[in-house]
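Hi everyone, thanks for coming.

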Amino acid sequence: MNAMLRKEMCLSASVLSYIFLAAAVMTLIPGYPVLCGAFFITLGIFHSFQSAREANDIVYSALLPVAKSDVVKGKFMFSVMIELAGFLLMTVFTLIRMTVLSGSEVYHKNALMNANPFFLGMTLVIFGLFNMVFIGGFFKTAYKFSPFVTYIIVAFLTIGVAEAFHHIPGCADVNAFGFDHIGLQAALLCGGAVMFTILTFLSYKKSCRTFEKIDL
Amino acid sequence: MKIAELKNVCKTYPAFKLNNVSFSLESGKITGFIGRNGAGKTTVIKSMLNLVHTDSGEICYFGKPLSGNETEIKQRIGYSTGTVSWYPRKTIRQIIDTAKRFYKNWDEDACRKYMQLFALDENKKPMELSEGMKVKCNLLIALSHGAEVLILDEPTSGLDPFSRDELMELFTTLKENGVTILFSTHITSDLERCADNIVYISHGEIKAECAKTDFIKNFGKEDETLEEIFLRLERKMRS
């Protein structure tokens, strides 16, 4: 395993980052804004940034025989690893809702977003926003957490829009049950994956540039 | 032989300036880096570790500039401080197991030897260690990867006289084994015992760089200790 990722997992990470992966189960809660599960997973990652700061992790990492960009890469690798693990769990629960539980009455009476590929695409968008707004903002100073407040606002606005989107006339198909409108659903999931990749990559590049310039 | 060299290093902050800082570290010697709190010692040390970006000047180790060779140079240097502890809630074993993966020349036998020598319990966490033991824990990692240069930022600050004495003895032994040490402190009495050279910084400027004996001869009056010389010089500069 990459030494920097191992350092992130063994020394820097808070156990809450792993525990908060359980928020993926929220996908199964009927009548609940299921996208909040994605937010809670990022909240778990944020706890790792907090515990890392208390442990002087950034300075310790910068003292290791690695390039400064590797310090940034380590944080991104850990965050993306947790996000993809969360995405995988949410995918499993979404598939359960789409197949075994597709006939369940409680899910059909849902005024909010259904667990479907569009939902999974939006979880990736939320993760991408976390990487862009919080992690990208954090590396401007490597100690300030104020970008997390901005991320909370951006994340809940996005969650609000996504959860209510299907109520806009003509947009009902994004809230498909089971495997209905699967072509559109798959396209929306791919769109989410592309957004996640672009946001994460741009944020990583920007973070490497800003972190290189700051004094620790 | 010069193993590390700073040439005309400048760094400007809104309320402080490092002005043309130049000095060198001789191989196998202990260089005492003295100056009062706020004189610029830590900024210089952070510049030497590339934690702080200098505005101008050059920092070289082993004849190579730090800029562009940072990864290679950091394989050969070690850093310890008495003012910061890393990962207070992780065990020493966890910290070592992670750190060793970054160093090409990690020597597990040396690690065990120093662990025994320093009487460190690998199952303890830094938060459970005394200040002196924390410094030893950092030194253990530096020595296990075969650091040729040790940069020590106030390693004895906050230590009782007995722990300080223990560390002085250790630094002298390391010097005898060929390790080059930069020892930053404002407790000048620590340097009486072990330093070969003195670099004196005040208000961001190097005021003296010479052998300890020359420093005492040139700046001291009859029978003055290093601490008395330092105090007199600082008072003179203030007035």
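Helix 9 of chain B covers residues 226-238, which makes 13 residues. Keep in mind that we are looking at a predicted model. From the first C-alpha to the last, helix 9 of chain B reaches 18 Å, close to the 18 Å expected at 1.5 Å a residue.

Which residues of this helix are buried? In helix 9 of chain B they are L226(B), I229(B) and F230(B). They cover an arc of only 100° around the axis, which puts them on the same side of helix 9 of chain B. On the face turned away from that buried side you will find R235(B) and R238(B), which are exposed. And what covers the buried residues of helix 9? The cover includes strand 3 (30-34), helix 7 (189-194) and helix 8 (212-219) of chain B.

Now compare that with helix 5 of chain B, residues 131-144. With 14 residues at 1.5 Å a residue, helix 5 should span 20 Å, and its end C-alpha atoms are 20 Å apart, so the two agree. Twelve of the 14 residues of helix 5 of chain B are buried, so the helix is largely enclosed by the rest of the structure. Among those buried residues are V135(B), L139(B), L140(B) and I141(B), but also K134(B), K136(B) and N138(B). The buried residues of helix 5 pack against strand 6, helix 3, helix 4 (108-117), strand 7 and helix 6 of chain B. After helix 5 of chain B comes G146(B), with a positive phi near 70°.

Strand 7 was on that list, so let's go there. Strand 7 of chain B spans residues 149-153, and five of its five residues are buried, so this strand is largely enclosed by the rest of the structure.

Who are the neighbours of strand 7? A quick reminder before I answer: strands of a sheet pair through backbone hydrogen bonds, either parallel or antiparallel. Strand 6 of chain B, residues 77-81, runs parallel to strand 7 of chain B, and five bridges join them. In that pair, Y79(B) has I151(B) as its bridge partner. Strand 8 of chain B, residues 180-185, also pairs with strand 7 in the parallel sense, over five bridges. There, L150(B) is partnered with I181(B). Strand 7, helix 6 (residues 161-176) and strand 8 of chain B together make a right-handed β-α-β unit.

Chain B also has an open sheet of four strands in the order 2-1-4-5, and here the pairing is antiparallel. Strand 2 (16-26) and strand 5 (64-65) of chain B stand at the edges with a single partner strand each, so one side of each is left without a neighbour in the sheet. Strand 5 is joined to strand 4 (residues 56-61) of chain B by two bridges, and the two run antiparallel.

Next, the place where the chains meet. The contact takes 19 residues from chain B and 17 residues from chain A. On the chain B side, helix 2 (70-74) and helix 3 (92-99) each supply at least two residues. Helix 3 of chain B gives the most to that side, with three residues. By class, the side of chain B that touches chain A has eleven nonpolar, five polar and three charged residues.

Let me finish with backbone angles. Most residues other than glycine have a negative phi. Where does H203(B) lie? H203(B) is in the loop between strand 9 (197-202) and strand 10 (205-211) of chain B, and its phi is positive, near 50°. H203(B) is partly exposed, with 16 other C-beta atoms within 10 Å. Over in chain A, H181(A) has a positive phi of about 45° although it is not a glycine. H181(A) sits in the loop between helix 8 (146-164) and helix 9 (182-213) of chain A, and H181(A) is partly exposed, with 19 other C-beta atoms within 10 Å.

Notes:
Residues numbered from 1 in each chain as written. Chains lettered and ligands numbered in written order. Predicted model: local features only at pLDDT ≥ 70, side-chain atom pairs only at ≥ 80, totals over all residues. Buried ≥ 20, exposed ≤ 12 C-beta atoms within 10 Å, placed from the backbone. Pairing = 2+ DSSP bridges. Right-handed = clockwise from strand over helix to strand, strands pointing away. Contact = placed C-beta atoms within 7 Å. Nonpolar A, V, L, I, M, F, W, Y, C, P; charged D, E, K, R; others polar. Expected span 1.5 Å × (residues − 1). Arc of directions from axis to C-beta.
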